[in-house]
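Subject: Structure handover

Dear colleague,

Here is the structure I said I would pass on.

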Amino acid sequence: MDLRVKRLEFSDDSTIGELSVDGEFECYTLEDKVRPVKIKGKTAIPAGQYEIVINFSQRFQKPLPLLLNVPNFEGVRIHPGNISANTEGCILVGDTKSVNFIGQSRVAFDRLFEKMKTTAETQKIFIEIE
C-alpha cells in the first residue's frame, strides 16, 4: 500500500494536505507548520518516504500507525485530531477542511485504519510526504 501526502496549504499555525491511497484521494491531512529548524512538538516531519507499521501506542493505549525512521523525530503516528495543537509532529486525518482545521477526523481515521490493518497483514505500507 502506498500512501502519499501532498502538502497544499501553509499557514503560520498548520499545514493542510491531501492524502491518497494507491493514487486515489482518501482524506485531508493536518500537520504542524513546516519549519526549516525543528521545534519540539510544533514542526511537521521532513518530506520523504517512510515505512509504516501498526503497533501499540503507549500514549493512546491502542494500536495506531507509526512512521519509522523519521529523522530527528520519534513516535510519529497517524491519528484523529482537528487542529495543530493535536498533532505534536504527527499526521491528523479528516474528511473536511477549513483554515487551520480538519473535521470528521474519527470517521476518516477509522476508514483509513481499516484499510491499513487489512493491508498490513500481507504487505508493507509506505507513505511519501511531498
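This is a predicted model: local features need pLDDT of at least 70, side-chain atom pairs count only at pLDDT 80 or more; totals for chains, interfaces and linings use all residues.

Sheet. Eight strands form an open sheet with mixed pairing, that is, 8 strands in the order S5-S4-S10-S1-S2-S3-S7-S6. Strand S5 (62-67) and strand S6 (78-79) are the edge strands, each pairing on one side only. Within the sheet, strand S2 (residues 15-21) runs antiparallel to strand S3 (residues 24-31), and the two pair over 7 bridges.

Helix H1 (residues 105-120) has 16 residues, which at 1.5 Å a residue should span 22 Å; the end C-alpha atoms are 22 Å apart, so the two values agree. Its buried residues are Ser105, Ala108, Phe109, Leu112, Phe113, Met116 and Thr119. Viewed down the axis of H1, these buried residues fall within an arc of 120°, so they line one face of the helix. Arg106 and Thr118, on the other side of H1, are exposed.

The largest pocket has a volume of about 330 Å³. It is lined by 16 residues, of which Glu74, Gly75, Val76, Glu88 and Cys90 are the closest to its centre. By type, the lining of the largest pocket consists of 5 nonpolar, 5 polar and 6 charged residues.

Regards

Notes: Residues are numbered from 1 along each chain as its sequence is written. Side-chain values use heavy atoms; hydrogens and water are left out. On a 1 Å grid over the protein atoms alone, a cavity is a set of points where a 1.4 Å probe fits but cannot get out, and a pocket is an open set with protein on both sides within 12 Å along at least five of seven lines; lining residues have an atom within 4 Å of a point. Grid points are joined across faces, edges and corners, and a volume is the space filled by probe spheres set on the points. Ala, Val, Leu, Ile, Met, Phe, Trp, Tyr, Cys and Pro count as nonpolar, Asp, Glu, Lys and Arg as charged, and the others, Gly among them, as polar. Two strands pair if DSSP finds at least two bridges between them. Helices (H or I, at least four residues) and strands (E, at least two) are DSSP runs, numbered from the N terminus. The expected span of a helix is 1.5 Å times one less than its number of residues. Buried means under 20% relative accessible area, exposed over 50%, partly exposed in between (1.4 Å probe, protein chains only). The arc is that of the directions from the helix axis to the C-beta atoms.
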